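Colleague: I would like to learn how to read helix packing from a model. Could you take me through one?

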Amino acid sequence: MPGSSGAQYFNLGFTCLSDIILTSLPTSAVLFFLIRKAAPLKRDKVGFLVLLSGAAYAALGVHFTCIDDSPLHIVMWHLLPVVIVAVIGIFLGRRVLRKI
């Protein structure tokens with residue numbers, strides 16, 4: 001945001017980051033619940049895609065309410081949490097989607 005201090009910028013950024021992560025949790029949990037009976041062959045890739053879709057959906061919702069639309073803010077505080085959550089999905093996919 002033009003004219004804002006660094007503390008305000010990081011405060012807004014952490015708000016977006018936490019909103020995206022917390023909003024993606026219920027969506028991702030429901031998707032994991034639905035996909036666990038599907039017997040996926042590549043559990044890590046499925047976990048990645050499940051959490052990627054949940055986090056991308058959350059980032060879309062947060063983007064509509066965010067007041068800062070600068071490219072640096074979008075990449076750093078909207079895209080980065082989506083990537084982090086999706087990478088966590090690789091490890092969760094291996095654990096949660098175990099073969100029965």
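This is a predicted model: local features need pLDDT of at least 70, side-chain atom pairs count only at pLDDT 80 or more; totals for chains, interfaces and linings use all residues.

Modeller: Ser28 has 3% relative accessibility, so it counts as buried. Ser28 sits in helix α1.

Colleague: Which residues does Ser28 touch, leaving out those up to four places away in sequence?

Modeller: Ser28 touches Val50, Leu51, Gly54 and Ala55.

Colleague: Which other residues of α1 are buried?

Modeller: An α-helix has 3.6 residues a turn, so residues three or four places apart point the same way. Now the case. Besides Ser28, the buried residues of α1 are Tyr9, Leu12, Gly13, Cys16, Ile20, Ser24 and Phe32.

Colleague: What do the buried residues of α1 pack against?

Modeller: They pack against α2 (43-65) and α3 (71-96). Take Ala58, in helix α2. Its relative accessibility is 2%, so Ala58 is buried. Ala58 touches Ile20, Thr23 and Ser24, residues up to four places away in sequence not being counted. Ile20 and Ser24 are among the buried residues of α1.

Colleague: How do I read the length of a helix?

Modeller: Compare the end-to-end distance with the expected span. Helix α1 covers residues 6-35, 30 residues in all. From first C-alpha to last it reaches 42 Å, close to the 44 Å expected at 1.5 Å a residue. For α3, 26 residues should span 38 Å at 1.5 Å a residue; the end C-alpha atoms are 35 Å apart, which agrees.

Colleague: Which residues of α3 are buried?

Modeller: They are His73, Trp77, His78, Pro81, Val82, Val85, Ala86, Gly89 and Gly93. Their cover includes α1 and α2.

Colleague: At what angle do the axes of α2 and α3 cross?

Modeller: Take the distance and the angle together. The two axes come within 7 Å and cross at roughly 150°. That is over 145 degrees, so α2 is roughly antiparallel to α3. The crossing of α2 past α3 is right-handed.

Colleague: Which residues make that contact?

Modeller: From α2, they include Gly47, Phe48, Leu51, Ala55, Ala59 and Val62. From α3, they include Ile74, His78, Val82, Val85, Ala86, Gly89 and Gly93. Leu51 is also one of the residues that Ser28 touches.

Technical notes:
Residues are numbered from 1 along each chain as its sequence is written. Side-chain values use heavy atoms; hydrogens and water are left out. Helices (H or I, at least four residues) and strands (E, at least two) are DSSP runs, numbered from the N terminus. The expected span of a helix is 1.5 Å times one less than its number of residues. Buried means under 20% relative accessible area, exposed over 50%, partly exposed in between (1.4 Å probe, protein chains only). Contact means heavy atoms within 4.5 Å. Axes are lines fitted to C-alpha atoms, for helices over the stretch in contact, and angles run from 0 to 180 degrees between N-to-C directions. Angles under 35 degrees count as roughly parallel, over 145 as roughly antiparallel, 65 to 115 as roughly perpendicular and the rest as oblique. A crossing is left-handed if the near helix is turned anticlockwise from the far one by less than a right angle, and right-handed if clockwise.
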